[in-house]
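Please find below a colleague's note on the model.

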Amino acid sequence: MTDFALLAAACDWQPGYRQRLIEAYRATGLEGPAADELAATTMEHSGGWRAAAVLDEDGRRIAPGRPRPDRAARQLHRPDRRTVDRPRHDAQDSHRRAAHAWARRWCAERGAGQVVVRLAAPDEIFAHYPVRGQTRIKAMTAPPTPPAGVTYRPMTAAEYPAWLAAGEQRYLADMVRAGSHTPEQASKKAEEDYRTLLPQGVATPDNTLLVLQADGEPIGTGWLRHGHLPEVTYGYSLVVHPQFRGRGPGRAAMAIGEQVTWDVGDRVVRFNVFGGNEVAMSLYTAVGYRVVEETRSRGLAAGVDG
């Protein structure tokens, strides 16, 4: 029989959780200071989390579960499936499934409408939770090969307003399609995020806003933020206009982003893709971008024990 005990002290679980995060990030190619800083950023938000120890039939601790209550949802944070004392696979699987059912009940009892999980490794227990978003990275060890036939230039101040309006609409639509926000919430967040991240428009420091070109004709746009983490550039958007898609520019756009990243001295490209965009996910996998973290969620109305 599997039992559970809430942990009163953060020191009982935070150090181990942070170390597992770092190990999971490094396993995907996010090395050194970048992995440490990303883990530290996650831990900054852990003060209000509740953690529970998973106990076997003899009362021995198996692995920490991390349900976190908040107003709209409860989150179960599991960076990976590693434990200190690993039991047989079948027994471990039984404990993990019991922990999942317990966490859903615990969250439901506190009025949650859904459970959100963040994964740094695939986990079959959450396979039936729809994907809401992925964070992906590509670590580069050599200068990228410039794409043939596609170039880029800086975006002009005159082009910025139209790009901003289109970007906010795409961002809004992505959030709604992924199921993470209502249209009203997504509209507000899109406007606030762009205003916060680009306070000076095209002149905002440490940002590259670019126009992709083929034979001198604009075929898309890009937005990169450099130094997002140590030696890491964050790709907020790389967009190919619809009429040019399906003929290779998508891969060229990714290569352009990598080239710009390398030229400014960063060595990793990182970005988020929303759930429901399987075409983009397939492209990212094909050109070497690995999943660092994946967010999934499922409503509790679908069954507390499901």
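1. Helices (H or I, at least four residues) and strands (E, at least two) are DSSP runs, numbered from the N terminus. Helix H6 is followed by Gly 265, whose phi is positive, near 100 degrees.

2. The model is predicted: local features need pLDDT of at least 70, side-chain atom pairs count only at pLDDT 80 or more, and totals for chains, interfaces and linings use all residues. Residues are numbered from 1 along each chain as its sequence is written, and side-chain values use heavy atoms, with hydrogens and water left out.

3. H6 is mostly covered, with 12 of its 15 residues buried (under 20% relative accessible area, 1.4 Å probe, protein chains only). Among them are Met 254, Glu 258 and Trp 262. The charged end of Arg 267 sits over the ring of Trp 262, 3.6 Å from its centre (the criterion being CZ of Arg, or NZ of Lys, within 6 Å of the ring centre and within 35 degrees of the ring normal).

4. The structure holds 16 aromatic pairs (rings of Phe, Tyr and Trp, the latter by its six-membered ring, with centres within 6.5 Å; planes under 30 degrees apart count as stacked, over 60 as edge-to-face and the rest as tilted). Phe 4 and Trp 102 are stacked, at 4.9 Å centre to centre and 15 degrees between the planes. Phe 4 lies in strand S1 and Trp 102 in helix H3, so the pair ties together parts 98 residues apart in sequence. Both residues are buried.

5. The rings of Trp 13 and Trp 49 are stacked because their centres are 6.0 Å apart and their planes at 20 degrees. Trp 13 counts as buried at 4% relative accessibility, as does Trp 49 at 6%.

Methods:
Buried < 20%, exposed > 50% of the residue type's maximum accessible area, 1.4 Å probe, protein only.
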